[in-house]
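Please read the points with the sequence and the model in view.

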Amino acid sequence: MTLLEVRELVKHYAGKRGIFAGHREKVRAVDGVTFALARGETLGLVGESGCGKSTLGRLVVRLEEPTAGKILLAGEEITGWTGRKLRELRRRFQIIFQDSSSSLNPRRTVGAIIEEPLANFGVAKRERQERVAELLTLVGLEPGDAWKYPHEFSGGQRQRINIARALALQPELVVCDEPVSSLDVSIRAQILNLLRGLKRRLNLSYLFISHDLAAVNYLADRVAVMYLGKIVEILPAEGLVSQARHPYSRALLRAVPEPDPRQRTGRKPVVRGETPDPARPPAGCRFHPRCPEARDVCRQDEPVLKEVGEGHLLRCHFS
Amino acid sequence: MGLSRNFGAGVAGYPATVESAGQAETVSRGGSAAALERLLQDRLALLGLIIILAVMAVAVFAPYIAPNDPTKVDLQHRLAPPGTQYPLGTDHLGRCLLSRLIYGARASLSTAALALWAIMLIGIPLGTLAGYCGGWVDNLIMRFVDILLAFPGLILALVIAGTLGPGLLNVMLALSAVWWVGYARVVRGMVLSVKEKEFILAARACGTSELGIIARHILPNVLSPMIVLATLDMGKLILAISGLSFLGLGAQPPAPEWGAMLSDGRPYMQAAPQLMIYPGLAIMTVALAFNLLGDGLRDALDPRGNTRI
């Protein structure tokens, strides 16, 4: 059953303003993204920084207003919802941010932070305290930690607090916006395992945004690869390594460091150059200036996302 | 490819170390108790605090401390030297200098405190509004602030006080009317930086209303620099009030006020310099005390920036 559906979602930001009004450049952060997320599923969203994946996450939880397109939650369109309806909607999806320290107010205790969503929805004080203790235990902290301040915790523990707050309202969908990127490598695995365990226990669905392919592959059922505001490939996670066909996806896979030195082949990354300016995306296929296999047609026609296998969508003229 | 193995073994690339419970980390923001402790360790700030508390006590208990009625004229003892009846001597009308100083503390401190409240009451909400709402609200408020800032503040206050007529209350109104712009600007800047923090987004995502975000997340994070600014400004306000009173716009005779006392004593500077020395010392001491405390508070509330010499 589909929990979340996104149709042709577009978000443009007004960019640099010219000297004369009206000459504003548009930054196309998200430029026509379509995907669906089933209940209980984890969709990994990968791409390099600046490709619009975080914006997409914020659009989904209605922290940003889309320029165009539709967002459907359990079949119901929620794009235009405002006021009380939007507030009620907040119970159903939550977001975990990348920076575990900047996402916690340094002047409030952990208890007050986790309690806030509950207080917003009128849970009684006593019940709130019980829930806070429960949530802290759920994410692997002590109930007594409720009286401490965020700075008394390590980065990994702070991310646990963020997770506890996100789960306080028992949401159906959690958008994880690079939840482990700011963490020490040794702590990432713990947080990933925690997220995986919580998903099973609480029957959650994740939109898991990351630039770390290993993390995405560990957690996700399906992986969507995003480049310059568009999804270029969606495929089941188990086939990521063997079946990824888009030149960009393959380049990303090749960029993952090889832990075994004997397996290292000295292959150089195939993607050259910088990400183009999202205010002025290249004509034709957006990846063509950096693509090793680009041909004339790629410079002129923009490829569409088409099905090339079971659950496998690809936006490329070739491969 | 090694990648597939890596995936197959779960997250083999990540060693599963036990997260140390309290990773050593420099504490960037302690509670208010820690700040108080740091403040009390700062000797100069402590000195400032003691002076302020003492002057406040003197102001509150003026009727019990003052040896004489501050407004009682004793023409037989004009410009008297210090003695048993008048410990610091008398002024040109034979009024007790010490008693006038003691009652003067009342006028200076209360006017400055009231002005500060008024300033914060105007400046903080407007600055918050400008910073939080942005757009045309921000433009409207800040352009008005710019206009006010384009005039020299004290001169403008002088004009306003002159227009309203002399009196401590009018001085207070005049000072508040020009002084709030600084607060609005500082608050706006801080709100702008706090607004970008992810905990604001997180609060919005979990259903906190905009007012709740301002009250629970933005204002508390703006508060401590405000306390510092307010303390430093108390000193400046006392100076400004004394200055306006010296010019005859503030306290009216026979009410005792330090700036007015300076003005009264000026013609007798040669014969009886104490008439100017004592009120001058009083103004300087209190202004200095507020500055010392303000500096100390800044260091205590923000342990990162150790600018103190």
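Predicted model: local features only at pLDDT ≥ 70, side-chain atom pairs only at ≥ 80, totals over all residues.

1. Chain A contains 10 helices and 12 strands. Its radius of gyration is 21 Å, close to the 20 Å that the globule rule gives for 319 residues, so chain A is as compact as a globular protein of that length. Along the principal axes, the C-alpha atoms of chain A fill a box of roughly 65 × 55 × 45 Å.

2. In chain A, strand β11 (residues 306-309) and strand β12 (residues 312-314) pair in the antiparallel sense, over three bridges. E307(A) has L313(A) of β12(A) as its bridge partner. Two residues lie between the strands of this hairpin, and G311(A) there takes a positive phi near 65°.

3. In chain B, helix α3 (residues 43-60) packs against helix α12 (residues 274-301) at an angle of about 135°, and the axes are 7 Å apart. Angles from 65 to 115 degrees count as roughly perpendicular and those over 145 as roughly antiparallel; α3(B) and α12(B) are therefore oblique to each other. Their crossing is left-handed.

4. Which residues of α3(B) meet α12(B)? On the α3(B) side they are L44(B), A45(B), L47(B), G48(B), L49(B), I51(B), I52(B) and V55(B). The residues they meet in α12(B) include V286(B), A289(B), F290(B), L293(B) and D295(B). By class, the contact of α3(B) with α12(B) comprises 13 nonpolar, three polar and one charged residues.

How values were computed:
Residues numbered from 1 in each chain as written. Chains lettered and ligands numbered in written order. Axes fitted to C-alpha atoms, helices over the stretch in contact; angles between N-to-C directions. Helix = DSSP H or I, 4+ residues; strand = E, 2+ residues; numbered from the N terminus. Parallel < 35°, antiparallel > 145°, perpendicular 65-115°, else oblique. Left-handed = near helix turned anticlockwise from the far one by under 90°. Contact = placed C-beta atoms within 7 Å. Nonpolar A, V, L, I, M, F, W, Y, C, P; charged D, E, K, R; others polar. Pairing = 2+ DSSP bridges. Rg over C-alpha atoms; globule rule 2.2 N^0.38 Å.
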